[in-house]
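Q: I am new to this structure and would like to go through some of its contacts. Could we take them one at a time?

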Amino acid sequence: MSAYKSSDASLNPGIDASTRAGMMQRPLLISSLIEHAAKNFGDTEIVSRIVEGNGISVTHRYTYRDANRRAKKLANALKHLGVTKGDRIATLAWNGYRHFEIYYGVSGMGAITHTVNPRLFPEQIAYIINHAEDTFLFVDLTFVPLIETLMPGLESIKGVVVMTDRAHMPFAKIPNLLCYEDLLAAEVDDFEWPLFDESTPSGLCYTSGTTGNPKGVVYTHRSTICHTYAAMSPDAFCLDSRQVVLPVVPMFHVNAWGTPFMCPAAGCKIVFPGAALDGASLYQLFEQEGVTLSAGVPTVWLGLLNYMKTHHLKFSTFKETVVGGSACPPAMIESFERDFDVTVIHAWGMTELSPLGSMNRLRTKHLQLSIGEQLAIKAKQGTPIFGLELEIMNADGKPLPHDGLAFGDLMARGPWVVEHYFKEEMSPLRDGWFPTGDVATIDADGYMQITDRSKDVIKSGGEWISSIELENIAMAHPAVLEAAVIGVAHPKWDERPLLVVVKKPGVTVDAEELLNFYDGKIAKWMRPDAAAFVLQLPHTATGKLLKTKLREDFKSYKLPDA
Ligand code: AMP
């Protein structure tokens, strides 16, 4: 094992090395997380729903000790396949124990785990794999047919490993098709995680790319460990070893928001839901495994809450859920807390931020406020987690007041924020800050609130209208299942808001009633000019409203007075 030396002396000009080196320079490495969990929480369970053969759902359970052993076997197997430091290894997989082992086996041995989002268009998947020059591809059984079709166009792939055992190996026209369990069975678990520079790349995720090609963000061991420390801290996820965590957010969407790293650090039991994210399957798993904390996007929670309401169910252990990825409508926060006694922690982040930027927990002074006033705070995206800084700036790059009213471009900086996209020369940074593309306010207590993606803001007569604020109000109407607001061209005002709604099944409501619902809740001029009904709204591969598509669909829509 070689001794690790800090490389960056430039930050300490003129300081003698002997004075500087007062503390150990142990590198921050991902392997330390699983090693820590195996040594100190060796018996703690990792439970996974797997779908193998005939679509029958099976629960697999083992411990951190087992996971560490198998991740080491995998690292040995990768070595024998010829994988070396810096190689990109792709996954197309659900949340499950084998995916977890890949996170550690691949990054732990110095290669890069590239999680590919299977919900992207097939052409985008092929683009991403080729762009990353992935050498091996690990796939769940579900995605074998997809890879079979894409394989002729995947230029760099030397082998495809199906994440299953010999008995379930599929017949597929894929050269060098390997079986995960066979690979592991051939190896010993005698492997010492290597020490190397903490700035070594460990993971790769591509942005969703609603416009243009997706861009790659390369995480390092250091950025991942820094993110882990901050994200598990008390005013963030607040994890400890008594928690049972079920990440609904996929491991292919920005590392399930870092939960596969935070849980071993804190020693939490993990419950991986596999492919079944419908209300019934999730509820059953929450109850069966005693889940206390979860994390996911609003659309998934919508499904679970509707299922629970229809079947008059309550949770017995579930206490807190982190909701992010899109704005969590206040009506959802209220329903979780009032009807199910589950506290919502609203969170904001993005692929470029590993992903966590801010999380929302109330302060002592907020506890005496009315439920309505508390709700108004909880609807915000929260305060930056320690280590990350947020600022709002005008078009000239000047900071704007933190008064909860002024809104501008949201900028971020910190040890887990992107500096360069993968293989791109130009840095996206502006004066050392990463422009997030979101528009936000920040109040005097530091609570940030996203008002829009910059390209979704509705520009009406020189004023800006927040589409998220209008959507949140619509979502509070009892007849509304989902709502989106977009700007539609208007001859006098440039753009005016149009409300597009999916009704709950079996209810009747008309446009006038929905538009009147805005009265008294916002300034009159912000009220949408019209409401249209659709059967479903378009979403991105990560569950966000796909407003580019919606704007396209309504491009020739005529507003009443236009
Ligand atoms: P992604 O990189 O796919 O995770 O997308 C990041 C983007 O999702 C952010 O820049 C925001 O526009 C949006 N987003 C994430 N969390 C929230 C949230 N809590 N409220 C509003 N928008 C959000």
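Q: Which residue forms a salt bridge with Asp-529?
A: In this predicted model, the partner of Asp-529 is Arg-496, and their closest N and O atoms are 3.0 Å apart.

Q: Where in the chain do Asp-529 and Arg-496 lie?
A: Asp-529 is in the loop between helix H15 (511–516) and strand E25 (530–533), while Arg-496 belongs to strand E24 (residues 494–503).

Q: Is Arg-496 buried or exposed?
A: Arg-496 counts as buried, because its relative accessibility is 7%, and the cut-off for buried is under 20%.

Q: How many salt bridges are there in total?
A: The count comes to 32 salt bridges.

Q: What does Arg-65 pair with?
A: The side chain of Arg-65 meets that of Asp-43 in a salt bridge, at 3.1 Å from N to O. Arg-65 lies in helix H3 and Asp-43 in the loop between helix H2 (31–40) and strand E1 (45–51), so this pair ties together parts that are 22 residues apart in sequence.

Q: How accessible are Arg-65 and Asp-43?
A: Arg-65 is partly exposed, with a relative accessible area of 35%, whereas Asp-43 is exposed, with 60%.

Q: And which side chain does Arg-61 meet in a salt bridge?
A: Arg-61 meets Glu-45, with an N to O distance of 3.2 Å. Since Arg-61 lies in strand E2 (residues 57–63) and Glu-45 in strand E1, the pair ties together parts that are 16 residues apart in sequence. Arg-61 is partly exposed, at a relative accessible area of 40%, and Glu-45 is also partly exposed, at 27%.

Q: Which residues are linked with Glu-45 and Arg-61 in a network?
A: Lys-269 and Glu-289 are linked with them in a network of salt bridges.

Q: Changing topic, at what angle do H3 and H4 pack?
A: Helix H3 (residues 64–80) and helix H4 (residues 97–108) pack at an angle of about 60°, and their axes are 8 Å apart. The two helices are therefore oblique to each other. H3 passes H4 in a right-handed crossing.

Q: Which residues of H3 and H4 meet?
A: From H3, the residues include Tyr-64, Ala-67, Arg-70 and Leu-74, and from H4 they include Tyr-97, Phe-100, Glu-101 and Ile-102. By class, the contact of H3 with H4 has 11 nonpolar, 1 polar and 3 charged residues.

Key:
Residues are numbered from 1 along each chain as its sequence is written. This is a predicted model: local features need pLDDT of at least 70, side-chain atom pairs count only at pLDDT 80 or more; totals for chains, interfaces and linings use all residues. Side-chain values use heavy atoms; hydrogens and water are left out. Axes are lines fitted to C-alpha atoms, for helices over the stretch in contact, and angles run from 0 to 180 degrees between N-to-C directions. Helices (H or I, at least four residues) and strands (E, at least two) are DSSP runs, numbered from the N terminus. Angles under 35 degrees count as roughly parallel, over 145 as roughly antiparallel, 65 to 115 as roughly perpendicular and the rest as oblique. A crossing is left-handed if the near helix is turned anticlockwise from the far one by less than a right angle, and right-handed if clockwise. Contact means heavy atoms within 4.5 Å. Ala, Val, Leu, Ile, Met, Phe, Trp, Tyr, Cys and Pro count as nonpolar, Asp, Glu, Lys and Arg as charged, and the others, Gly among them, as polar. A salt bridge is a side-chain nitrogen of Lys or Arg within 4 Å of a carboxyl oxygen of Asp or Glu. Buried means under 20% relative accessible area, exposed over 50%, partly exposed in between (1.4 Å probe, protein chains only).
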